[in-house]
Amino acid sequence: MKIYINPDKKNWAELLSRPVADNSAIISTVQSVLDDVRQNGDAAIRKYEKQFDKADLDSLKVSDAEIAEACSVVSADLKSAIRTAISNISKFHSAQLGDLPVVETTEGVKCWQKAVAIEKVGLYIPGGTAPLFSTVLMLAVPAKIAGCSEIVLCTPPSAEGKVNPAILFAASEAGVTQIYKTGGVQAIAAMAYGTESVPKVYKIFGPGNPFVTTAKQIVSVKDVAIDMPAGPSEIAIIADDSQRADIVAADMLSQAEHGTTSQSMVFTTDAKFASAVMQEAEKQCSESSRREFIAQSLSNSRIFVLDTLDDAIDMCNAYAPEHLIISCRNYADLASKVVNAGSVFLGYYTPESAGDYASGTNHTLPTSGYAKAYSGVNMDSFIKKITFQEITKKGLENLGGTIEIMAENEYLSAHKNAVLVRNGSKI
């Protein structure tokens with residue numbers, strides 16, 4: 001990790017660059033697995049589960065008995081925490097629903113919009129080094145609120161063919177309808193194409209390693225929709241000397257522990273404070289149980305000392321972070337100037353981990369600078385909007401001439417004729 005003092009604006013793009021992962025080498029591997037699952041279905045999935053997860057599976061689907069057994073071993077404290085998180089996530093996401101009014105754009109011409117749930121959605125939940133049962137909540141709760149009729153979850157099993165109990169409990173509480181023991185590229189293929197056991201879905205959600213991310217991108221070309229482009233987790237922190245260096249360092253590490261390609265960026269106006277943050281981050285890293293991940297992630301991380309907090313917000317907007325914490329005296333004023341960020345955390349008592357788990361906002365967010373153009377997962381992610389219009393005879397008389405002239409000038413005579421014949425005329 002390095003501290004940069006007042007970097008020239010022309011160098012910002014280079015200094016704000018993310019770790020670049022060259023996925024070109026894995027594309028052929030990913031494509032071969034996708035093709036195999038498309039052609040051979042469950043047999044291919046079982047083969048890859050044995051190869052990659054060391055699990056020899058008789059059935060891909062998680063049974064009701066397995067779910068009940070898992071729920072029985074989850075601690076009461078964790079059950080209570082998951083239920084609290086579900087309640088808050090439900091409150092925040094339910095508030096996003098609402099129908100648009102019928103609009104009469106011209107006398108006799110009425111237009112409106114109807115929100116319809118995507119019928120079949122697939123949720124990918126990584127296993128790996130951390131069982132992300134919180135991601136189950138972030139994806140399944142809004143899917144259930146939206147009214148998705150099939151909520152299919154795929155997650156890699158252990159070598160014994162078991163799924164993490166917390167993942168199964170969270171899924172059962174949040175409204176998942178079907179759970180399958182499969183991970184990696186084969187899980188994405190199963191949901192994209194459908195197999196004897198796993199149903200095809202219309203949209204796939206969820207994070208994953210570079211193989212999973214590449215698979216999602218490939219299947220999204222023509223087979224299924226996906227939530228958004230995804231990359232390593234990242235955080236930016238704007239802080240002044242009114243915040244404690246150990247808190248800023250703790251926030252840095254909260255994302256650095258996700259993986260070796262994660263990134264933490266700090267923007268401040270005080271060089272002494274910047275040095276204190278760096279020292280504290282290194283100290284906390286040495287004491288962490290995930291220090292191997294964090295140490296490598298911190299090597300991708302940087303601290304910037306700028307003349308003013310306005311410069312800090314400008315540089316941060318250029319970075320477009322997945323997560324942004326603003327811990328300054330005037331955090332509300334700075335927050336009004338944020339234009340590029342996935343989710344923003346304001347003030348001294350708002351850690352990013354609150355949004356990851358239980359405040360109610362969604363933690364599935366755009367990374368790699370995609371916050372310049374993408375939103376995080378929200379209720380709109382699980383619905384499609386169908387427009388309706390109804391025109392009376394008087395309305396067509398009022399609007400018909402406009403349609404005819406526009407169609408004529410686009411050289412689309414059949415469009416014009418569709419109006420004329422309704423008025424008893426023809427071209």
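Helix α6 is followed by glycine 175, whose phi is positive, near 105°; helices (H or I, at least four residues) and strands (E, at least two) are DSSP runs, numbered from the N terminus. The model is predicted, so that local features need pLDDT of at least 70 and side-chain atom pairs count only at pLDDT 80 or more, while totals for chains, interfaces and linings use all residues. Residues are numbered from 1 along each chain as its sequence is written, and side-chain values use heavy atoms, with hydrogens and water left out.

At the start of α6, a side-chain oxygen of asparagine 164 comes to within 2.9 Å of the backbone nitrogen of alanine 166. Seven of the 10 residues of α6 are buried, so the helix is largely enclosed by the rest of the structure; buried means under 20% relative accessible area, exposed over 50%, and partly exposed in between (1.4 Å probe, protein chains only). Ala166, Ile167, Leu168, Phe169, Ala170, Ala171 and Ala174 are the buried residues of α6. They pack against α3, α4, α5, β5 and β6 (178-181).

The largest nonpolar core has 40 residues, of which Val121, Val136 and Val176 touch the most other members. Such a core is a set of buried Ala, Val, Leu, Ile, Met, Phe, Trp, Tyr and Cys residues joined through side-chain atoms within 4.5 Å. At least two residues of this core come from each of α3 (64-73), α4 (76-94), β4 (120-124), α5 (133-146), β5 (150-155) and α6 (165-174). The greatest contribution, eight residues, is that of α5. Apart from this core lies another, of 30 residues, among them Val37, Tyr48, Ala187 and Val198.

An open sheet of six strands has the order β1-β11-β10-β9-β12-β13, with parallel pairing; two strands pair if DSSP finds at least two bridges between them. At the edges stand β1 (2-5) and β13 (343-346), each with a single partner strand, so one side of each is left without a neighbour in the sheet. Strand β12 (residues 323-327) is joined to β13 by four bridges, and the two run parallel. Isoleucine 326 stands opposite leucine 346 in β13.

Asparagine 300 is located in the loop between α11 (291-299) and β11 (302-305). With 17% relative accessibility, asparagine 300 counts as buried. A polar atom of its side chain lies 2.9 Å from the backbone oxygen of threonine 260. Beyond its neighbours within four places in sequence, asparagine 300 is in contact (heavy atoms within 4.5 Å) with Pro19, Thr260, Thr261, Ser262 and Gln263.

How values were computed:
Polar contact = N/O pair within 3.5 Å; in protein donor to acceptor, adjacent residues only side chain to side chain.
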